[in-house]
Amino acid sequence: MDSVLAFILGVVIIALGLAVSIGLHEIGHLVPAKIFGVKVTQYMIGFGPTVWSRRRGETEYGVKAVPLGGYISMIGMFPPAKDGTVKADSTGFFRGLVQDARDQSAETITAGDEDRAFYRLPVWQRIIVMLGGPTMNLVLAVVLFGVLLMGVGIQQPSTTVGSVSACVLPDTSERQECEAGDPAAPGAAAGVEPGDRIISVEGTPITAWDQSTAIIRSHPGEPIEVVVERDGVERTLAVTPLLTERYVYDDRGEIVTDADGEPVTEKVGFVGIGAAYERAAQPITVVFQTVGDNVVAVSGVILNLPQRLVDVANAAFGPGERDPNGPISVVGVGRVAGEIASLDTVPVLDKAAGLIGILASLNIALFVFNLIPLLPLDGGHIAGAIWEAIRRGWAKLRRKPDPGPVDLAKLMPLTLGVVVILGGMSALLIYADIVKPVALF
């Protein structure tokens, strides 16, 4: 029962965190819009029927029933058509979409507010307004990763011995327990004990576990001097690394294979000791590096989204497993958060770190995704404003009349297509996260 409650708590924490992220995203649009004088009639978290709202001045603030996003309503999002007419032809349905968008935009402008329409803002101000939301998510991600990396810290191997093997098992063996005939592990034979802090190996001071590992691996069959600290007293131990065969791993921790697909092995020294892990605070440079790495990773997922969605569909409707690095829906995110929160063997601090990391990554995803240059995303409005600046600048350079604002309403048919695709993508991911969830544990 406790694990069920913990699972629910994890889901609730992520849901609230996501709601706050969405709310701050919309504040990122709201504040600059008001500063630049745009009339904002609504600030809403969610979609569908309004659950609660309250008016402050000219803006209605509220929460809607479906908490899958949010929006602010600014008057005059689209400029009126130049000729004010609608031409009837074989593409009347799409022309109707365009004109409906213009009409709805015009209806939001009341007498006396004509100069407060969004489309009347200078290009640079429109870009700032639309960038405000994604920028807020980026700032949130930096703050959350800062709390995670600089405050909580990350688990990394220390110079303290965490485990000592009794025997040597071949790396290519699937056995986990010692059997008769297995050679004794050199570390245990030399008297190394869990809790010993390694001071030096072969006269080299040890400040990181990898240093000791490198020296041990390079001295198979040769006695080496290991100085450890135990109960405040330094002890010198003579250890002879055993020559053993181990797989070769790449930078991603995966086994290297040869041209025939066979695992590559190497002969190295082995003593049978493992590091104890401890949390260590990271410098701020690691925070920015982590944010950058996450932005690149999310961008890669989006650039390869069609193939990744095909992989998700194949896994959801077939026997294959989901890619843990592939896209997931809010249902999948909630499920992962619940699983982290319900793990009995994980300390509370580690659970908190996991949930903070999820929220930070979600904000990176919101930042990158909203910058895609397609309507109705923020990136579509930004791209339209940039195109308008280029077009007006080119006309000015050629001493031509100002072409006026770009009519983004003409892109409503494309916008409808994007909405349909996003809806289908969301439905697929939600279905996959229910019937074939990502297996992280």
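# Patch, salt bridges and helices of a predicted model

Q: What makes the nonpolar surface patch of about 810 Å²?
A: The patch is made by Phe47, Val66, Leu68, Phe317, Val330, Val331, Tyr431, Ile434 and Val435. Two or more of these residues come from each of strand S2 (59-74), helix H8 (330-341) and helix H11 (412-435), where helices (H or I, at least four residues) and strands (E, at least two) are DSSP runs numbered from the N terminus. H11 provides the largest share, three residues. Such a patch joins nonpolar side chains (Val, Leu, Ile, Met, Phe, Trp, Tyr) within 5 Å, or like charges within 9 Å, from residues with over 30% relative accessible area and no salt bridge. The model is predicted, so that local features need pLDDT of at least 70 and side-chain atom pairs count only at pLDDT 80 or more, while totals for chains, interfaces and linings use all residues. Residues are numbered from 1 along each chain as its sequence is written, and side-chain values use heavy atoms, with hydrogens and water left out.

Q: Why does Leu68 count as exposed?
A: Leu68, which lies in strand S2, has a relative accessibility of 57%. The class of exposed residues begins over 50% relative accessible area, with buried meaning under 20% and partly exposed in between (1.4 Å probe, protein chains only), and Leu68 therefore counts as exposed.

Q: How do you know how confident the prediction of the protein chain is?
A: The guide is pLDDT, the predictor's confidence in each residue, from 0 to 100. For the protein chain pLDDT averages 87, with 95% of the residues scoring at least 70. Confidence is highest in helix H3 (residues 123-152), at a mean of 96, and lowest in strand S8 (residues 242-247), at 77. Over residues 85-90 pLDDT stays under 50, and the model has four contacts for them beyond four places in sequence, a contact meaning heavy atoms within 4.5 Å.

Q: What makes Lys39 and Asp113 a salt bridge?
A: Their closest N and O atoms are 3.0 Å apart. The criterion is a side-chain nitrogen of Lys or Arg within 4 Å of a carboxyl oxygen of Asp or Glu, so the pair qualifies. The structure holds 14 salt bridges.

Q: Why are Lys39 and Asp113 both called buried?
A: Lys39 has a relative accessible area of 16% and Asp113 one of 12%, and therefore each is classed as buried.

Q: What does the salt bridge of Asp350 with Arg279 tie together?
A: The closest N and O atoms of Asp350 and Arg279 are 2.3 Å apart. Asp350 lies in helix H9 (residues 348-370) and Arg279 in strand S10 (residues 273-280), so their pairing ties together parts that are 71 residues apart in sequence. Asp350, at 21% relative accessibility, and Arg279, at 25%, both count as partly exposed.

Q: How do Arg392 and Glu388 compare, buried or partly exposed?
A: These residues form a salt bridge, with the closest N and O atoms 2.9 Å apart. Both lie in helix H10 (residues 378-397), four residues apart, which is about one turn of the helix. Arg392, with a relative accessible area of 29%, is partly exposed, whereas Glu388, at 1%, is buried.

Q: How do you know that the reach of H1 is close to the expected one?
A: The expected span is 1.5 Å times one less than the number of residues. For the 34 residues of H1 the expected value is 50 Å, and the first and last C-alpha atoms are 49 Å apart. Just after H1, Gly37 takes a positive phi of about 90°. H11, with 24 residues, reaches 34 Å, close to the 34 Å expected.

Q: Which residues of H11 are buried, and what do they pack against?
A: They are Thr415, Val418, Met425, Leu428, Leu429, Ala432 and Asp433, and they pack against H7 and H8. The C-alpha atom of Ala432 is 7.8 Å from that of Ala315, 117 residues apart along the chain. Ala315 is placed in helix H7 (residues 305-317) and, with a relative accessible area of 3%, is buried.

Note on methods:
Areas by Shrake-Rupley, 256 points an atom, 1.4 Å probe, with all protein chains shown as cover.
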